[in-house]
Amino acid sequence: MINEPLRIAGEKVARERVIEVRFPYTGEVVGTVAKATVEDVRRAFEIARRYRPALTRFERYRILMKAGEIIAARRDEIARLITLESGLCLKDTLYEVGRASDVLLFAANQALVDDGQVFSCDLTAHGKSRKVYTLREPLLGAICAITPFNHPLNQVIHKVAPAVATNNRIVLKPSEKTPLAAYLLADVLYEAGLPGPMLSVVTGDPREIADELLTSEHVDLVTFTGGVAIGKHIAAKAVYKRQVLELGGNDPLIVMDDADLDEAATLAASGSYKNSGQRCTAIKRMLVHTAVHDDFVERLLAKTRAVRHGDPLDPATDMGTVIDEAAAIEFERRVDEAVARGARLLHGNQRRGALYSPTVLDRVTADMPLVAQETFGPVSPVLRFASIDEAIALSNATAYGLSSAVCTNRLDTITRLVRELNVGTVNVREVPGYRLELTPFGGIKDSGLGYKEGVLEAMKSFTNTKTYSLPW
């Protein structure tokens, strides 16, 4: 069993109070982590605020590249650790470790990029023969990063790697449900040469330490990925601090009447069941043209029945558990409610502990809570539409605006959907979750404030732009 102390400025700090980490498939305790006090959090921020990193671009590059090499060499071990704390199957966690290596690679290379600009001032009759220069500097205070359970390594690394690349100090609070990968990443970065004061990891009860995380005078920026209710609480609490909030989605797959239906069904199954459906960009609603509805549903059912779900540690398993039994019970309740209101259950809705089967429902209507709210699990609800106008209206009739997927071959349809869908991303003939770790990612409405994540955008958020001018 793994027993993890806190990491405060690189120092291991044990505490008598601990949080148990359980394997969702069996419920057994696989590790414990120290439960931080308010004083622990305060000390981490004070150390971070006092420390002034002086790493050169090359040194930051070398640290991030070495960390990536260590993670790649320990790929199987790290994937197994993530599976044990999250219940995600090994196929998903091996993929996650690969994505984490990509983040480190991109962040390392961006650390080498000169981010300054030059503006000539003699552009108008009122100008002078001067030049204005810009440069990006790390924040004066610390970054507070709060991450969710669904990607225990990748969500963390998307915040930590850009912080390292920009010479910032960061205090990380991972989900108390899946904290083990975060501690492993911290140790990897220390091993790669990261100075301890640049990264601290604290785990604890949010009811005890949240206020200090959000209101500390030493914090300049709060970056959070998680649920809407908590995100809005953070927005109200962390007053006059920069906030980067990624708050989930209710992403549609729109299948037009000219779509390649086998491709659409393949994308539908992958987008619904990968990571046990626990992705902000998972397909939460399938909007299908009436002309192809029946054929699409048959293909989706075939793909769903082929998904092997069960023991997450079995390399042949396609889908493991959801995060805990409470989550599985909630999915079962929502599906039962939809069926009671007229939806037709075609497959699944079977639960054993935290193991919840891939589930397909037809005849779903937009007012059912199953699709009106974000259902963060492996459920495929199918809704019908008769025209592109109706598809757009259905897609936009949600409080969220993160991502979307479109299956069509018509350029006029694509251009209209790209223009009129109220989301941060439109992926054509791909799942809503497709992205490069380098590219901008984020949503609007209840999905976020419009600030983007992804390595490039995070590095912009994590820096201050300074301008200066010279007479030459």
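Me: What does buried mean here, and how much of the chain counts as buried?

Reply: Buried means under 20% relative accessible area, exposed means over 50%, and partly exposed lies in between, with a 1.4 Å probe and protein chains only. Of the 472 residues of the chain, 57% count as buried. This is a predicted model, in which local features need pLDDT of at least 70 and side-chain atom pairs count only at pLDDT 80 or more, while totals for chains, interfaces and linings use all residues. Residues are numbered from 1 along each chain as its sequence is written, and side-chain values use heavy atoms, leaving out hydrogens and water.

Me: How many helices and strands are there in the chain?

Reply: Helices (H or I, at least four residues) and strands (E, at least two) are DSSP runs, numbered from the N terminus. The chain has 15 helices and 24 strands. Its radius of gyration is 23 Å, close to the 23 Å that the globule rule gives for 472 residues, so the chain is as compact as a globular protein of that length. The radius is taken over C-alpha atoms, and the rule is 2.2 Å times the number of residues to the power 0.38.

Me: How do I read contacts in the chain?

Reply: Contact means heavy atoms within 4.5 Å. Among contacts between residues at least 6 apart in sequence, 72% join residues at least 24 apart.

Me: Where is alanine 67 found, and which residues does it touch?

Reply: Alanine 67 is in helix 2 (residues 57-73), and at 0% relative accessibility it counts as buried. Leaving aside residues up to four places away in sequence, alanine 67 touches Leu104, Val188, Leu189 and Ala192. Alanine 67 and glutamate 191 are 124 residues apart in sequence, yet 7.8 Å apart in space, C-alpha to C-alpha.
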